Amino acid sequence: MTIPSSPAALRVTESDICIVGDGAIAKTAALGLAQAGFSVTLLGPPSPPARPAAADPGWDARVYALNHTAHNLLSSLKVWQALDHARVAPVDAMIVHGDGAQAGGLAFDAYGAHTGTLAWIMEDRNIGQALDAALKFAQNVRVVQGRATGLLRGDDSASVHLDDGSSIKASLVVGADGAQSWVRGQCDIGLDYRSYNQRAVVSNFACAKPHHGAAYQWFTGAEGIVALLPLPGDQVSLVWSAPEALADTLRAESARQIADRLAVYAADKLGALTPLQPELVRDFPLRLIRPHAMSAPRVALVGDAAHVVHPLAGHGMNLGFADVAQLVKTLGEREAQRGIGDTRVLARYERARKEDVLLMQLTTDGLARLFGADIEPLRVVRNFGLNLLDKLPVLKRRLISHAMGK
């Protein structure tokens, strides 16, 4: 018989739900499930050493376009109210440009969509700080730092074992641990994976002309997809989905050189662009990850652990918030005799999310393929399609309503 070498080896934390992850989706899930009456343990990796706070942290290179589903969920959790709204920009219009001499175009605006705003652009840091503040006051949420080493699932519960010998016992484990999900891997859930051979290059700029709350997107063919999203004031955030070779070139250039490249697209709309933080240029790979399931016995997946899509529609984060909202709803509506880890309950969650997730996967993948091909017949077809769609207001309203999460 082995005698535990430390008190941690004997320590078992028990709760209704264990959430693995430390991003915005994991933290939102913890708050939402706790508000629904469940005790929650939120397991994240050990924190890195604290750095002195900068007097002016500048703007995050990574921003998100949150739709109405995200807004409603975060509002219900009192997180939206805790955001620094001076650093949130509403999107009042979306203007899409095709490519080539006969470039098509498509425009949406809040007025035509019968809403106050289409979406909200905000930084990752802003969301994270508001969620962290809410977690400090959340009842029924325990935050644990550690590295998971094993997941055991039984008929009545599951246990997540940590590298210090301690464990977390719960009726349900929620994998909110990103695209390379450890939880998903422990459940042997297969997946379809495809790289787009692109990287998203991101940075922030001041613009000489006001953006008036408009988000711009250019489908350029050979140079990928360029998006400029509004930030508060006369500032914009770049997301350039660039082919690998071009991404390498952009990352070797300064933000000033990237601004010069952008002039061909944005000069007439936004004027000259000036880097906000010349050294702040980042990139991340673009890929499609389609797990074969969003649940397993005593496990539910949310966010990037459950699906990764191309960012051209800006809805990866929104899909995750919708996952959380549906999981809270499904668990709350289960029959009294069924536990929260019941396979049939989790299957209902998966079915409820299947259509929305599949539609977004097919849409983003199809658009990425269609607009990524530098072939003249396809260029003609896609520009014709953009122009046709722009002239069909009923269809436009349905598309934008879905994108808004309504």
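## Elements and overall make-up

Strands are DSSP runs of E with at least two residues, and helices are runs of H or I with at least four, both numbered from the N terminus. β18 (295-296) and β19 (299-301) are named in this way, and the loop between them holds arginine 298. The model is predicted.

The secondary structure of the protein comes to 10 helices and 19 strands. The protein has 406 residues, and 52% of them are buried. Take the contacts between residues at least 6 apart in sequence: 73% of these join residues at least 24 apart.

## Aromatic pairs

The aromatic pairs number 4. One of them joins tryptophan 80 and tryptophan 120. Their centres lie 5.2 Å apart, with 75° between the planes. Planes over 60 degrees apart count as edge-to-face, and this pair is edge-to-face. Tryptophan 80 sits in the loop between α2 (68-76) and β4 (89-91). Tryptophan 120 belongs to strand β7 (residues 119-123). The pair therefore ties together parts that are 40 residues apart in sequence. Tryptophan 80 is buried at 9% relative accessibility. Tryptophan 120 is buried too, with a relative accessible area of 12%.

Tyrosine 216 and tryptophan 218 form a stacked pair, because their ring centres are 5.8 Å apart and their planes meet at 15°. Tyrosine 216 is buried, at 8% relative accessible area. Tryptophan 218 is buried as well, at 6%. Ring pairs extend this into a cluster of Tyr216, Trp218, Trp240 and Tyr265.

## Arginines over rings

Arginine 62 places its charged end over the ring of phenylalanine 284. The distance to the ring centre is 3.9 Å. Arginine 87 lies over the face of tryptophan 59. Here the distance to the ring centre is 4.2 Å.

## Helix packing: α2 and α7

α2 packs with helix α7 (residues 316-332) at an angle of about 50°. The axes are 9 Å apart. That angle makes α2 oblique to α7. The crossing of α2 past α7 is left-handed.

α2 brings Thr69, Ala70, Leu73 and Leu74 to the contact. α7 meets them with Asn318, Phe321, Ala322, Val324 and Ala325.

## Helix packing: α1 and α3

Helix α1 (residues 24-35) crosses helix α3 (residues 124-136) at roughly 30°. The axes come within 10 Å. Angles under 35 degrees count as roughly parallel, and α1 and α3 are therefore roughly parallel to each other. α1 passes α3 in a left-handed crossing.

On the α1 side, the contact residues are Ala24, Lys27, Thr28, Ala30 and Leu31. On the α3 side, they are Ile127, Leu131, Asp132, Ala134 and Leu135.

## Positive phi in loops

Asparagine 140 is not a glycine, yet its phi is positive, about 70°. This asparagine 140 is found in the loop between α3 and β8 (141-145). Its relative accessible area is 45%, so asparagine 140 is partly exposed.

Arginine 298 is another residue other than glycine with a positive phi, near 65°. Its loop runs between β18 and β19. Buried means under 20% relative accessible area. Arginine 298 has 12% relative accessibility and so counts as buried.

How values were computed: Residues are numbered from 1 along each chain as its sequence is written. This is a predicted model: local features need pLDDT of at least 70, side-chain atom pairs count only at pLDDT 80 or more; totals for chains, interfaces and linings use all residues. Side-chain values use heavy atoms; hydrogens and water are left out. Rings of Phe, Tyr and Trp (its six-membered ring) pair if their centres lie within 6.5 Å; planes under 30 degrees apart count as stacked, over 60 as edge-to-face and the rest as tilted. Buried means under 20% relative accessible area, exposed over 50%, partly exposed in between (1.4 Å probe, protein chains only). A charge sits over a ring if NZ of Lys or CZ of Arg is within 6 Å of the ring centre and within 35 degrees of the ring normal. Axes are lines fitted to C-alpha atoms, for helices over the stretch in contact, and angles run from 0 to 180 degrees between N-to-C directions. Angles under 35 degrees count as roughly parallel, over 145 as roughly antiparallel, 65 to 115 as roughly perpendicular and the rest as oblique. A crossing is left-handed if the near helix is turned anticlockwise from the far one by less than a right angle, and right-handed if clockwise. Contact means heavy atoms within 4.5 Å.
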